[in-house]
Amino acid sequence: MTTARPGGHAALVEDLYGRGLLDETWRTVWDAVPRAPFIPHRAWRQTPTACEPLTAEADRLALIHSDEPVVIQLDDGRPDGPGIATSSNSQPSMVARMLRLLSVEDGHRVLEIGTASGYVAALLSHRLGDSGVYSVEIDPGLAHHAAAVLRARGYHPNLACSDGEWGWPDQAPFDRVLATCALRTISHAMVQQLHPGGVLVAPMARDFWSGAVVQLVADGTGTAAGRFQGGATYMPMRSHRAAEPLPVDQASHRVTDARVDPRDMLSLGFALYAGTRLPAVRMWHANRDAGAEVWLQDPDGCAASASTGEAAHEYGVRSLWQEAERAHEEYIALGAPEARDFGLTVTARGQQVWLHLPERIIEPAPVREPSV
């Protein structure tokens with residue numbers, strides 16, 4: 001089942017325009033750059049449990065002309081992997097959102113991190129001209145595919161097969177930097193490669209429940225700052241994939257009261273706050289008939305779980321559920337701020353999340369040990 005409407009690519013573009021995601025200029029660009037030629041013959045639909053191959057051409061085109069992502073690579077291209085998506089042509093509405101946040105203007109030079117299928121590079125090339133677009137891709141197979149399709153469609157942006165974490169220093173500075181893969185942190189190298197007043201737009205891989213898009217502006221002194229601009233789920237940059245945590249110590253299991261309904265933790269605003277207060281703690285969830293179930297885990301094997309209407313369970317030397325509840329109490333006391341109330345500052349020393357103003361930095365909370 002897809003969200004495709006009759007009318008193919010034109011109908012998709014009209015839908016994005018009608019939703020306010022494209023202005024007149026970008027509408028003209030999208031009309032001229034169909035998505036289908038950039039999708040490899042082998043492609044998959046991502047479902048909640050697996051990647052399903054698109055074997056029928058009608059199904060393939062229906063997905064391409066829908067507002068859904070199309071998986072274009074599994075297992076980094078290895079033929080014997082478990083079938084995990086490692087590259088995709090992103091959801092069109094998300095691409096439109098990111099390009100709108102990028103705020104490109106005629107004459108701008110733009111660096112794209114993650115060429116993948118080449119589709120976004122084509123959109124940018126049509127908007128700005130080939131000479132203003134630079135795109136890097138770490139995977140040789142994807143880089144070759146993108147280069148071939150771009151040439152065949154008449155686009156010749158500047159392409160490189162390299163690790164986008166370090167940008168493209170030989171061609172810097174840029175007016176805009178766009179990441180099309182999720183970053184755990186924004187490298188200072190990317191900030192340094194922006195003109196003063198330059199804009200960086202990137203999805204960030206947040207451990208605590210959800211991803212978020214950030215829009216930063218460089219000040220010309222090696223610092224960039226800006227606000228989060230809503231949620232986004234992108235595949236992480238290869239060098240930013242999370243390491244596997246240590247196994248959970250099942251023998252340390254204990255039960256504790258749950259004072260917060262897990263459903264109340266499933267907002268992006270809380271995820272941004274709690275993810276900063278509880279660094280490196282992962283949270284994921286599943287919807288249940290009567291509510292939700294959440295799981296928490298840190299890199300050292302401490303864990304917790306809770307379901308709506310039930311007690312919580314904790315493991316290891318930390319009281320992770322109690323820490324999460326404490327963070328939720330703080331979040332409510334702050335007025336339950338929304339995602340756009342939070343921001344990020346990147347300097348040579350690292351990055352800091354703040355609330356409302358860059359001076360109001362959110363610091364990590366002390367670790368809470370189980371009460372005896």
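The axes of helix H2 (residues 24-32) and helix H5 (residues 119-128) come within 9 Å and cross at roughly 125°. Axes here are lines fitted to C-alpha atoms, for helices over the stretch in contact, and angles run from 0 to 180 degrees between N-to-C directions. H2 and H5 are therefore oblique to each other. Angles under 35 degrees count as roughly parallel, over 145 as roughly antiparallel, 65 to 115 as roughly perpendicular and the rest as oblique. The crossing of H2 past H5 is right-handed; that is, the near helix is turned clockwise from the far one by less than a right angle. From H2, Thr-25, Trp-26, Val-29, Trp-30 and Ala-32 meet Tyr-119, Leu-123, Leu-124, His-126 and Arg-127 of H5. Seven residues of this contact are nonpolar, two polar and one charged. Ala, Val, Leu, Ile, Met, Phe, Trp, Tyr, Cys and Pro count as nonpolar, Asp, Glu, Lys and Arg as charged, and the others, Gly among them, as polar. Contact means heavy atoms within 4.5 Å.

The model is predicted: local features need pLDDT of at least 70, side-chain atom pairs count only at pLDDT 80 or more, and totals for chains, interfaces and linings use all residues. Residues are numbered from 1 along each chain as its sequence is written, and side-chain values use heavy atoms, with hydrogens and water left out. Helices (H or I, at least four residues) and strands (E, at least two) are DSSP runs, numbered from the N terminus.

**The two sheets**

Two strands pair if DSSP finds at least two bridges between them.

| E12-E16-E15-E14-E13 | antiparallel | E12 (254-256), E13 (282-288) |

The five-strand sheet is open. Its edge strands E12 and E13 each have a single partner, so one side of each is left without a neighbour in the sheet. The twist averages 20° from one strand to the next. E13 and strand E14 (residues 291-297) pair in the antiparallel sense over seven bridges. Arg-288 stands opposite Gly-291 in E14. Helix H9 (residues 320-333) packs on this sheet and touches E12, E14, strand E15 (303-307) and strand E16 (312-315). The direction of H9 makes about 115° with that of E14.

Strand E10 (residues 212-218) and E11 run antiparallel, joined by six bridges. Ala-218 has Ala-224 of E11 as its bridge partner.

Gln-229 sits in strand E11 (residues 224-231). Gln-229 is buried, with a relative accessible area of 15%. Buried means under 20% relative accessible area, exposed over 50%, partly exposed in between (1.4 Å probe, protein chains only). Beyond four places in sequence, Gln-229 contacts Arg-97, Leu-101, Val-213, Gln-215 and Arg-340.

Arg-97 and Leu-101 are among the buried residues of H4. Helix H4 (residues 92-102) is mostly covered, with 10 of its 11 residues buried. Just after H4, Ser-103 takes a positive phi of about 55°.

Ser-90 lies in the loop between strand E4 (85-89) and H4. Ser-90 is buried, with a relative accessible area of 15%. Not counting residues up to four places away in sequence, Ser-90 touches Arg-35, Glu-68, Pro-69, Val-95 and Tyr-234.
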